[in-house]
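Please read the points below alongside the model. They go from the whole chain to single residues.

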Amino acid sequence: KLLFLSETGGKDRRSGLILTIPLCLEQTSMDELSVTLDYLLSIPSEKCKARGFTVIVDGRKSQWNVVKTVVLMLQNVVPAEVSLVCVVKPDEFWDKKVTHFCFWKEKDRLGFEVILVSANKLTRYIEPCQLTEDFGGTLTYDHMDWLNKRLVFEKFTKESTSLLDELALINNGSDKGTQQERERSIDLNFLPSVDPETVLQTGHELLSELQQRRFNGSDGGVSWSPMDDELLAQPQVMKLLDSLREQYTRYQEVCRQRSKRTQLEEIQQKVMQVVNWLEGPGSEQLRTQWGIGDSIRASQALQQKHEEIESQHSEWFAVYVELNQQIAALLNAGDEEDLVELKALQQQLSDVCYRQASQLEFRQNLLQAALEFHSVAQDLSQQLDGLLGMLCVDVAPADGASIQQTLKLLEEKLKSVDLGLQGLREKGQSLLDQISNQASWAYGKDVTIENKENVDHIQGVMEDMQLRKQRCEDMVDVRRLKMLQMVQLFKCEEDAAQAVEWLSELLDALLKTHIRLGDDAQETKVLLEKHRKFVDVAQSTYDYGRQLLQATVVLCQSLRCTSRSSGDTLPRLNRVWKQFTVTSEERVHRLETAVAFHSTAEKILQECPEQPEAFNEMDQFDEIEAVGKSLLDRLTVPVVYPDGSEQYFGSPSDMASAAEHIREKMKLVSLKKQQLRQPEATTPES
């Protein structure tokens, strides 16, 4: 407060500005006073300065030489603007010796009028309302309040002016010709030194203060404007604010363009990162993964490796989705000049991502097809191993039914192998078709060599399975033939055993039911004929059994095996047949004897007594008696088999009945013999 201007301290009667210099007892620095005076005089406008200044030098607390120095300083600083200098003298004026310097005589040399006046006489030159209380006036003045507002104003002015220059530089740089120049200019001057929003807020608060606030005097004093219309900073603040708003609006547009450009560049950079990775390391990963494996485990390992590759790709695909959304948003709200570039980026990104995704999907499908192919191949191999194991085991069934069951199981396994081989061919052909389509994109390289290895492997597996299946089929044919022969062998053995049973039944029937010898020669001949037919049946049965056993021998030789049943059946068949033969011969002998007996007896009994030749053949009676006795003896004799065993025809009662009939016939013959002898006895007597 070395001095203060009338913009805060009032006006004189000419409406000139009042400059108050309150000197004090302490030593006043003329340099500081001069600097402060220069500063205060720079505040008013030229129009205000033209009306002149009234300077109040308050010397009441100072010395005369200081006052004099200040007055002279005014001559050097503001002689043109100063119209009146009022030196307020103390109540006890300086002695004349000190004040011999007469200011009014120096008016021409000083350029302004200097008067010495006491404080209570200042109202002659200046209205009381324009004087502060120090000089008996009523004007309220708060120097600290003025100083604070002045600092705010000057800070705003300085910051806004500097900010305007910076914004103008940024905005003007953005208007340069080429895009490259604009970007270079913006890069160098992109951020202002102060925050525009803060400066604008400060300016608005200051303007509001200037427009609304009146500095109220203390203790209810009269309020007064901080500046006159000519001195008021309001227009300057308003002008700065308008300029700031204009430049700041342009600056925001520049920032928006820059932000958009930066966002576009970031998107372009990210797009290129995605594209470069997918076309570089991503494609390289797929290039190195061309095999399909040679087993289920190998295919599963390749699938796991592919899942890892897919996982890495998924991260970049997620970036692709995010970039695609950002590009779509920019396309919806973008400028025309950016649409072409954005669409080109979007198209490039989509093409690369979809192509890479297609390659990943193709690889996944190929590995899945390979896994299915190897799974079917493994199942088929296991089926072939099972079939081969079944074929390698020697067949030793217990009967024909078990052979039929085994043969059925063998046929089922062979059919299952056929279906498995057919499924393997289908899977293999599908896999070959997928591999042939691999050349359409080929991961950016020639895959002929790698594909050939895969194709050779697939075809090799199918050919190997075909050969194994063919070998199994050949073995199945051999086994089938062998099993059919075994079935035939068992059938022959069963039929041979059945022939033995039949022959045994015929023997049993011969012994138990074929016991009658007939009542006459005719009936006996009929029985003899029936017996021959019965023997023919037995002979056929025996021959059938022999043929079956011979076939069994042939089959055993073909099968290179020995049949215990056939070895046991042949002796049984021969034994039963020998027994039957012996029994049949005995039966034939008895029947033939009976025929001879009945024929002779009937002839004798039917001859007339008048035939004299009959009486001369008495020996016939002896013969028939001998035949009858021989027949009766045979009925009591058992049939003796070659093994020494014996067997009787029928039961004893049956034999007794047959013997009784023969005895009765012999009695009739004996009576006939007696009748023939009686006439022979009476003839010599006569």
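What share of the contacts in the protein with a separation of 6 or more comes from residues 24 or more positions apart?

1. Residues 24 or more positions apart supply 82% of those contacts. Please bear in mind that the model is predicted.

2. On secondary structure, the protein has 18 helices and six strands. The chain counts 686 residues, and 42% of them are buried.

3. Phe490 is part of helix α13, which spans residues 448-512. Is Phe490 buried or exposed? Its relative accessibility is 16%, and because buried means under 20%, Phe490 falls in the buried class.

4. Phe490 also gives an example of two positions brought together from separate parts of the sequence: Asp399 is 91 residues away along the chain, yet the C-alpha atoms of Phe490 and Asp399 are 6.6 Å apart.

5. Which residues form a nonpolar patch on the surface? The patch consists of Leu605, Leu668 and Leu671, and together these leucines have about 240 Å² of accessible area.

Notes: Residues are numbered from 1 along each chain as its sequence is written. This is a predicted model: local features need pLDDT of at least 70, side-chain atom pairs count only at pLDDT 80 or more; totals for chains, interfaces and linings use all residues. Side-chain values use heavy atoms; hydrogens and water are left out. Helices (H or I, at least four residues) and strands (E, at least two) are DSSP runs, numbered from the N terminus. Buried means under 20% relative accessible area, exposed over 50%, partly exposed in between (1.4 Å probe, protein chains only). Contact means heavy atoms within 4.5 Å. Patches are made of residues with over 30% relative accessible area and no salt bridge: like charges are joined within 9 Å, nonpolar side chains (Val, Leu, Ile, Met, Phe, Trp, Tyr) within 5 Å. Accessible areas come from the Shrake-Rupley method with a 1.4 Å probe; for residues, only the protein chains shown count as cover. A salt bridge is a side-chain nitrogen of Lys or Arg within 4 Å of a carboxyl oxygen of Asp or Glu.
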